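Subject: Structure handover

Hello,

Here is the structure I said I would pass on. Please open it alongside this email.

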Amino acid sequence: MENERTKRQLVILSGKGGTGKTTLAAAFSRLAENGVITDCDVDAADLFILLKPETKEEIPFFGGKKASINKVACTRCGLCMQICRFDAIKDYLVDDILCEGCGFCFRVCPDEAIEFNKVISGNYYDCRIANDAEFLYAKLLPGEGNSGKLVAELKKKASGYFERNKRDWFIVDGPPGIGCPVNASLSGADVVVLITEPTLSGLHDLKRIIKLIQSFKIQVAVVINKFDLNEEITESIETFLGIEGIPVKGKIPFDERVLFALQQGKDIMDVPESNAAKEIRTIWNSL
Amino acid sequence: MIISVASGKGGTGKTTIAVSLALSVQHSVYIDCDVEEPNGHILLEPVISTQQYVTKRLPKIDFDRCTFCSKCSELCEFNAIIVLKSDVMVFEDMCHGCGVCSYFCPEHAIIEVEKNIGEIRKGSTKSEPIDFIDGTLNIGEMSATQLIRQVRKEALPDRTNILDAPPGTSCSMVAAVKDTDYCILVTESTPFGLNDLRLAIQVVRLLGVPFGVIINKYDDHFPALDYHCSSEGIPVLLKIPFDRKVAEYYSRGIPLVHAMPQLKESFRRLFEQIQLVVQRKEMIPGR
Amino acid sequence: MKIAITSTGLSLDSFVSEKFGRCSYFVLFETQTKAMNSIVNSAETLEHGAGPKAAQLIIQQNVDLVLTGAVGGNAEEALKTGGVKIVTGLKSNMKVSEAIDLYLNSKL
């Protein structure tokens, strides 16, 4: 007999940064009664600021490999510098930041003077928040690459909790942009909520991310944040989405009280009487 | 001189500030390196005079010579080549163009061909004439840093180049900010702004680039940000108060200094401050 | 016919995995002889490109058909090129044995 409980994985994306994605994710995390939450924006993880988690475990993450030259063994033949396509070796020293981890220098070095190993590129945190809900997030070390693998690891661990602790919701605060980490954040998603803003840049970026998501064939819904800043563009967005057959689940009004709440480290749902909070609750109930 | 404008967090106003700085400095060059979501063109509305495709190298298998030994697949650090029973597949969006596979193929069965990853456009604006350059990455493509490096090569040596970096602190931001003469970090009066500013400062310090901060959408209800900057001795170059009207103008594609022309003077003074810092740095022996 | 089922464990009793590229194991089942074995998915921990590498592994094992939840674009291309049929729709509350039964009874 199959379990009748509705299980949903909800991924929140935005294309453009600063549209209110993290704020919305925090609000949904509060509204979800039995959920597990991950912040997959590993480049600039902010959700923990609003969720105020208690960290249970900090786990180092090994990303790609980097080369390094052993100065003692190196005979300065210069072959590595000739061969590297990323300008990562200068004066027999590998620039960690420019090194893309291809291993070419390591393989050609006639003196075997180059080491090529995985390095720690960040850490992830297994935490608990209100109601003992699981919350996972990660922080990449400065300058490290956007990592699809890190996102995948976070989601895998979170999925484990989702199954074992019989959660109803799996909320994913996704990364901005349209690159590989966005793809990783989408695996297993049941519904994607795209949050956008009524600006020309917002519309431009929304189109690009919709193009990416359409190849995934997942249910998509859009939320327009601060819609009253420019009702004309809000209309353009709605028209565009109508043609694409994508529903607008909600339009959140610009609300200064939201900003004040954020500055005090609270989230929108701490101001339930605000128009923004009311709209978000309506959106949540419609999902 | 190259001044980069970056931000740990998306949506702080990085682009409108980069554009405004370019509009306030005579004969400047605006370079949009946010290749995943380039928005500068929306605010500047340049007349484009040239367009060039940017390519990366990709392996191509010569099946007359290939013996399906799988060495290429074993050596590829990015898992971009797989060898099936009687077929070899190259996954173009994952390939970094490092050249390892073609170099080490025992049958010399791999040659390299060029693949389009995006385009660079050049032009100029009509008002306050400035030169405009931007790069746009093809959707689904992963080689943002490769494109960014190509875009940077277009900087004009005897002019003031204002480089709009991608948001965040990952490798594409690093590719944009590395070896620039000065970096302006844009933040906002929220806990997210402060958190991401700290991350961005870590990166910029690691890169050894002198920097200063602009607080956009400033309001005094978030003293933690001001306190952090003053206690760390971080120069705050400008505070732009939050103004709903400015937000509305931005949504229509109007740059900050056109919405608030009095700011042009502030940007000019800020630029002079930056020039002094850059000159002083160049006078230090050993640099 | 040899079927591969994406799995969270090594046995027929294990729960299936909805992911293809980053599942932990593949359970391999021969429909004629009912023989079964399982392998670790070496692609699971790869930084990028897990899908195509997992496909390469499956094809090396002479699998005819994959049963899974969903398959990403690159992995799908690789499997098709290798002549492997794909059947999706598995849910994480199914066991491997159930998934096989459902498939054999044309319920997927």
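Confidence

Please keep in mind that this is a predicted model. The mean pLDDT of chain A is 87, and 95% of its residues score at least 70. Within chain A, the lowest confidence is found in helix α6 (residues 180–186), with a mean of 79, and the highest in helix α4 (residues 104–108), with 97. Residues 1–5 of chain A have a pLDDT below 50, and this stretch makes 3 contacts in the model beyond near neighbours in sequence. Where pLDDT is low, the predicted coordinates should not be read in detail.

The sheet of chain A

Chain A contains an open sheet of 9 strands in the order β3-β6-β7-β2-β8-β1-β9-β10-β11, and the pairing is mixed. At its edges are β3 (54–69) and β11 (248–252) of chain A, each of which pairs on one side only. From one strand to the next, the twist averages 20°. As background, strands of a sheet pair through backbone hydrogen bonds, either parallel or antiparallel.

One end of this sheet can be followed residue by residue. β3(A) and β6(A) run antiparallel and are joined by 13 bridges. One residue pair to look for is Phe61(A), whose bridge partner in β6(A) is Gly122(A). Strand β6 (residues 114–128) of chain A also pairs with strand β7 (residues 134–140) of chain A, in the antiparallel sense and over 7 bridges. For Asn123(A), the bridge partner in β7(A) is Lys139(A). In a regular strand the side chains alternate between the two faces of the sheet.

Helix α7 (residues 200–214) of chain A lies across β1 (8–13), β9 (191–196) and β10 (219–225) of chain A, and runs at about 165° to β9(A).

The sheet of chain B

Chain B also has an open sheet, made of 9 strands in the order β3-β6-β7-β2-β8-β1-β9-β10-β11 with mixed pairing. The edge strands of the chain B sheet are β3 (47–61) and β11 (236–241), each pairing on one side only. Neighbouring strands are turned by 20° against each other on average, direction ignored.

Strand β6 (residues 110–124) of chain B and strand β7 (residues 131–137) of chain B run antiparallel, joined by 7 bridges. In this pair, Gly118(B) stands opposite Leu137(B) in β7(B). Helix α5 (residues 144–152) of chain B packs on the sheet and touches β2 (29–32), β3, β6 and β7 of chain B, its direction making about 165° with that of β7(B). Helix α7 (residues 191–207) of chain B lies across β1 (2–6), β9 (182–188) and β10 (211–218) of chain B, at about 165° to β9(B).

Two helices in chain C

In chain C, helix α1 (residues 50–60) and helix α2 (residues 73–81) pack with their axes 7 Å apart, at an angle of about 25°. An angle under 35 degrees counts as roughly parallel, so α1(C) and α2(C) are roughly parallel to each other. The crossing of α1(C) past α2(C) is right-handed. On the α1(C) side the residues that meet α2(C) are Gly51(C), Pro52(C), Ala54(C), Ala55(C) and Gln56(C), and on the α2(C) side they are Asn74(C), Ala75(C), Ala78(C) and Leu79(C). Of the residues in this contact, 6 are nonpolar, 3 are polar and none is charged.

Contacts between chains

Between chains A and B, 46 residues of chain A are in contact with 44 residues of chain B. On the chain A side, α4, α7 and α9 (256–263) each supply at least two residues, and α7(A) gives the most, with 7 residues. The chain A side divides into 17 nonpolar, 18 polar and 11 charged residues.

Between chains C and B, 12 residues of chain C are in contact with 11 residues of chain B. Both α1 and α2 of chain C supply at least two residues each to the side that touches chain B, and α1(C) gives the most, with 5 residues. That side of chain C divides into 5 nonpolar, 6 polar and 1 charged.

Regards

Methods. Residues are numbered from 1 along each chain as its sequence is written. Chains are lettered from A and ligands numbered from 1 in the order in which they are written. This is a predicted model: local features need pLDDT of at least 70, side-chain atom pairs count only at pLDDT 80 or more; totals for chains, interfaces and linings use all residues. pLDDT is the predictor's confidence in each residue, from 0 to 100. Helices (H or I, at least four residues) and strands (E, at least two) are DSSP runs, numbered from the N terminus. Two residues are in contact if their C-beta atoms, placed from the backbone, lie within 7 Å. Axes are lines fitted to C-alpha atoms, for helices over the stretch in contact, and angles run from 0 to 180 degrees between N-to-C directions. Angles under 35 degrees count as roughly parallel, over 145 as roughly antiparallel, 65 to 115 as roughly perpendicular and the rest as oblique. A crossing is left-handed if the near helix is turned anticlockwise from the far one by less than a right angle, and right-handed if clockwise. Ala, Val, Leu, Ile, Met, Phe, Trp, Tyr, Cys and Pro count as nonpolar, Asp, Glu, Lys and Arg as charged, and the others, Gly among them, as polar. Two strands pair if DSSP finds at least two bridges between them.
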